Structures are given as structure tokens and as C-alpha cells.
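User: I would like to know what stands behind some of the words used for this structure. Please give the cut-offs as we go.

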Amino acid sequence: MSEERELPTVGRVWPVDPGRGAVDLSNQEPWSKSTESSEPGEFIPVGEPGAAPLTEEQLLAAHGIELPESPLALWQLMDAAAAKLGHTPLAPAPAAAVARSVEVSERIRRRMDRLSAALHHEAEERSIHRQAGYLNMHTYMSSGHRLGPHESKRRIALAKQLIGRTSLSGQPLDPRLAATAAGVSDGEVSAAHTAVIAAIMKKVPDAVSPKDRGQIEADLAAHARNLSPAHLAKAGARLLALIDPDGAYTEPRDRQRQRDLHLFGQNEQLMSRLRGDLTPRARAKLELILQHWAAPGMNNPDDPDSPHPADAPDGSRTSDGPDVDEDRLDNARQRDDRSPGQRNHDAFEAMLDFIIANRGLGRPDRIPAEIVISITDKELAEKAGMGLTATGTLIPVADLIELAAQATPYLAVFRHHTRQALYLGKGKKHRFANKAQRLMLLARDGGCTAPGCDVPFSRTEAHHSPDWAKGGRTDIDAIGATCGGHNRWVGPNPGQWETDLLNAGPNAGRMVWRPAGSTAPWQLNPLHHPEFDADQRTHAPPDTRSGTEKQLEARMGLAFLQDDTGNGAAGPPSHGPGPPGCSADTGVAA
């Protein structure tokens, strides 16, 4: 029996069988020469000493560079080096230098994952986000540093896995993935590897002892130094199978811990992907519904004669129920050319119709229990464009017309060419906005008005500006839609926000924000109504000019008034042009 071959590692070459005619390069060590020149076709392997990391002493001796002690100075040094690299041509460099540069750059990229996680953790511990005026690190990174929600969540998850925590008694704790964190610090394990290891460790049964869990994580980290993330996932799946081959360790709480269901955002065609892991109990219930409602001929939206649960007064109709007209169902089966996946989708939609129709969401006179869609009368008349639901979903007008066949329409009237709602108030004695005002907020704001916040309207509150405790009114010209977090973060203290409503220009009536006590420009949130914001830059404060100033500007055409000292007094706020081709001054919430 031939000897068992050793697995390859970085910097080594797979031992080749000479009898097969291949050349064994394992003993030639062509990288032992530290020359910067390379002949055409010279073998330049990954992991050769020329690309090894340098210590501070070696860096000083080789290049005369002494590293500073300050963390900020080190980051600035890295920034300056990256800027210098961006202007340094690579073409004159020999092939060996380019190959070594590739390896060094990948090692730096992996080290940066650990450094970024440590910086994120320290900033969160010191509440840097609050000093910058953000509710949490997620919004600070996603909006303040423009990472976006997906990348911000990825970095938060990475920091939780790689950075040590502190116990309630103040004792430092090891990172959740200690061996993986060491590999990332060494520049040999990437963030993608870390995500794979975290997903595998989540599937390890709770019955496995902490010592064995630590050994499993260490083994995975060792494999991550030699395998790609995809291959590491396969190795992890094999390892899980060896841990619990017969399911003896798996307990109900393991399944409960892994259950999830995610609804992803809409794509370019407004379609959405649904993905999740169902418990056996949930799967049994879903299969029971699909067996009946996804049967051929049932719930076909393209066939008006297809049986539907809503056809029966009590909603009890199924494909084999006693109330089904068998001839009608047989005919529907013959006309049904849908795929199994399409039938499952239509059954799922029918299930949603059944829940809403039977008041599964509560009283039907409340906005959270209704499908509320805002659209302009121009788009509705032309049967073109998009409607926006209270949950932030875009719906084509063609689908909206069918969906709203039995809907109750509401008219939201705005001042011409603005987003300023005509007066709709309740007075000082009522604190909470009524349904009519909430519908107007949906049509006007669409969601949370705080800068960079993408929370849909269904998860917002009516925020008073000024605050209710300071004499605020529950009138449509004194309230705006805000999520709970931003609503509670309005105040006079550093790190908090102040709000106002614009009263001039195309964006009149919309709520604006800025850090409390600052003179920074007021900011609009363009995320919920991007079609109204041709100019999405920061906006000037609300118009505080006197009536005389406004009359002078209107009569004399002055856009900039001079005070007695000759200094310029700010004119009206610059809100950017209105939406091109839009002359409608009404909106419909259905």
C-alpha cells in the first residue's frame, strides 16, 4: 500500500509521482534566491520568503522607515502609503516583485478585517456614534460612512466574532472564534472564512461540550489557512456529519435556534426573494396548506374560474373539500399550465388574502391592519408609474388597480408644486395623530424623515416639531413621520437632533433635520420619495424671512438681500428644482 500523501500547505508544492512524467519541484526551492529579476516562465510560488512580513526592525533596516506609536498616526501612514501606491506604476516592476506584491496585498486585506473589527468595537464601546449624532453603530456606518446596510451589518457581525468581550464583572473574555481571530490577525484567514466558520459553529449541537466546541473551531481555523471559503464550507459540512451522524446530539432547542425566515429587497423587476429554515412543525403546517391550495387548478390568478378560498363565505374551500365544484375544478386543472413553484407562490398569496380578509391583523380601521398605498392622481389616471405601500414596497399601477378593486380611496391634497399638505389639524388638546393625519403623513413623507433612515412608514410614529411637551401641535404642518429610535433622539443635548418643517420651495411641508445646537445645513431624507428630489444635496434652514423681505424679493426679483452692514442676508432656502414634468398637486392613498 502506498504511503498516504500529505495535504498541501501554503508555500509548499504537492509531491508529484515521478513515474507519471511530471517534474517534481518540491526540492528545487527556486524562491531561495532573493533576486528581484525573473526570467520568463520562472516559477514564482505563493508563500515564498520574498513576500514574508517584515518586523519593525527589518522595515527600519531595509527602508529606513520607523513606525509611530500613535494608532491614528499608523492609520494615516497606511493611508499615505495607499495613496502613493495608487500613483506608482506597476509595469516597470519585475514579475517576481508583482507576484510578491499580490501576496502582500492579500495579507494586508485580511489583516484589515481584524483591524476594522477592533476599531468598530472600540468606537461602539465609547459611543462614538452618539457624538456624531447617530442612534447606533449600524446607522453611523451605513449612513454616516456610506457603507450601506448590508456592509454595515457584515462588519458588525465580524466584530462580534473576532473581538474579545467583557463580562459583567469587568473580566476580559476571549473572542467567540479565538483561533479564527488569530488567523485573521496573521493575515491568513479572511472575513469570508470567518463567516463560514461562524455559520458552521452555529450548527454545532448544544450537547457538545465547550472544550470540544473550541477544538472544532480551532480545526476549522486551521483548515481556513489552506482552503478557500467554498472548500472550507464543504469541509465544515463533513465535520458536522462526523459530530452527529445519527442525530443523537440534536435537540429541539437546536432546531429552534436555527429557525429563520428572511424577505429580501425588491430587485429591478420589483420581485422579492424569500429564504429561510423551517422547523419540522412549521413545515408540516405549510405542506398541509400547499397540498390543498397549491393543487393544480386551485388559486390560479390567470383563470377567473379557478376555485379560491375567498369564494366560500367561511373560507373553508379546498381542492378536495365538500364545497368544491368538482367539474369546475377539473376544468381548471386542464387549463392550468403553471409550474409547481408558481402554484406554491399563488397558494401563499391566497393564504395572505385569507388572513387579511378574516381580520387576522386586528381591527380593519387601523393602518397597520390595512394595505395602504400612496400614488399621485396623474399616475393613476395614466395607469403608469409606481405606488408605495406603508411597508415600503413598490407596486406597479397595473397591480395596484387590481389590488384596490375593493379599496376605500383617500385624497391627500398638497399645495401646487410642493409637498405642503393643506391644513389638517386636531388642535393642542390631542397628542396622537388620527387616521386621516397618518394617511397624509404616508403620502407626504413615505417613511422616517430622518436623514439616511430607510424605515418604512408602517414602523413610524408622528413626531411633533416643536416637541409636544414644549407646546407642539398635532397639526399636519407641525408633525412628521419618524421611527421610534429617531423620535426619541430629538433633543437639545450634544449628539441629539433638532427638527423643523420647510415652508417654502418645492419641498415645502417636508421635515428637515440637523444636529442639535449646530448651524449645519438642514437635511432632507430622499430615500422614500427620490422622484421628488432632483437636487438631493443638503438644504438651507427653513425660510425665516419677514413678509416685507418676501414682498421685496417678489417685486424686485432679488434673490439676495443686503443688510445695513453690507453683509449678505440669506435668501430663501435652496431646495432644488421640482420633479420634471410633474404638475399634479394631489396624491391618493388607497
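User: What does methionine 201 touch, not counting residues up to four places away in sequence?

Analyst: Methionine 201 touches Leu177, Arg213, Ile216, Glu217 and Leu220. Contact here means heavy atoms within 4.5 Å. This is a predicted model, in which local features need pLDDT of at least 70 and side-chain atom pairs count only at pLDDT 80 or more, while totals for chains, interfaces and linings use all residues. Residues are numbered from 1 along each chain as its sequence is written, and side-chain values use heavy atoms, leaving out hydrogens and water.

User: Why is serine 306 called buried?

Analyst: Buried means under 20% relative accessible area, computed with a 1.4 Å probe on protein chains only. Serine 306 has 5% relative accessibility, so it counts as buried. Serine 306 sits in the loop between helix H12 (280–293) and helix H13 (326–335); helices are DSSP runs of H or I with at least four residues, numbered from the N terminus.

User: What makes a set of residues a nonpolar core?

Analyst: The set must consist of buried Ala, Val, Leu, Ile, Met, Phe, Trp, Tyr and Cys residues joined through side-chain atoms within 4.5 Å. The largest such core has 23 residues, and Met201 is among those that touch the most other members, as are Leu162 and Ile197. Helix H8 (191–202) is one of the elements giving two or more residues to this core, and H8 supplies the largest share, six residues. Apart from this core lies another, of eleven residues, including Cys483 and Trp513.

Definitions and conventions: Buried < 20%, exposed > 50% of the residue type's maximum accessible area, 1.4 Å probe, protein only.
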